[in-house]
Amino acid sequence: QVQLVESGGGLVQAGGSLRLSCVISGSIFSIDDMGWYRQAPGKQRELVAHITSGGSTNYADSVKGRFTISRDNIKNTVSLRINSLKAEDTAVYYCNADVRLRVAEPLRDYWGQGTQVTVSS
């Protein structure tokens with residue numbers, strides 16, 4: 001059973017920083033793309049950062065220059081450094097991974113349960 005577990009969320013003041021981490025575990029053959037999404041109350045879930053298996057990254061315009069995504073292909077982790085936090089960054093942050101369970105099967109999306117980031121102002 002594949003599991004993704006996020007950590008690192010919390011309550012911080014505007015202008016502060018956080019580092020979110022996600023660990024992928026289970027019976028896994030390989031992991032392709034990974035990403036971080038967020039969802040604020042009353043809004044749709046949105047992609048904030050994406051990283052390919054080769055390390056190429058993309059960011060939502062709202063977080064460019066402030067968020068940095070990284071991955072460790074040995075430990076099966078993906079992290080998100082968040083700097084210069086704004087009130088509008090308040091949301092539940094979810095990690096996502098495209099996982100191949102077995103060599104002959106296609107990639108499948110897996111999601112974590114989310115971690116709450118609350119920015120006070």
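Which residues touch the most other members of the largest nonpolar core? Some notes on that and on the charged pairs.

1. Ground rules: this is a predicted model, where local features need pLDDT of at least 70, side-chain atom pairs count only at pLDDT 80 or more, and totals for chains, interfaces and linings use all residues. Residues are numbered from 1 along each chain as its sequence is written, and side-chain values use heavy atoms, with hydrogens and water left out.

2. The core has 31 residues, and Leu4, Ile24, Trp36, Val78, Leu80 and Tyr93 touch the most other members. (A nonpolar core is a set of buried Ala, Val, Leu, Ile, Met, Phe, Trp, Tyr and Cys residues joined through side-chain atoms within 4.5 Å; buried means under 20% relative accessible area, exposed over 50%, partly exposed in between, with a 1.4 Å probe and protein chains only.) The largest share, 5 residues, comes from E9; strands (E) are DSSP runs of at least two residues, numbered from the N terminus.

3. Now Arg38. Its side chain meets that of Glu46 in a salt bridge at 2.9 Å, N to O, meaning a side-chain nitrogen of Lys or Arg within 4 Å of a carboxyl oxygen of Asp or Glu. Arg38 is buried at 5% relative accessible area, while Glu46 is partly exposed at 32%.

4. Arg38 also forms a salt bridge with Asp89, again with 2.9 Å between the closest N and O atoms. Arg38 lies in strand E4 and Asp89 in the loop between E8 and E9, so the pair ties together parts 51 residues apart in sequence. Both Arg38 and Asp89 are buried. Salt bridges with shared partners join Arg38, Glu46, Arg66 and Asp89 into one network.

Key
Helices (H or I, at least four residues) and strands (E, at least two) are DSSP runs, numbered from the N terminus.
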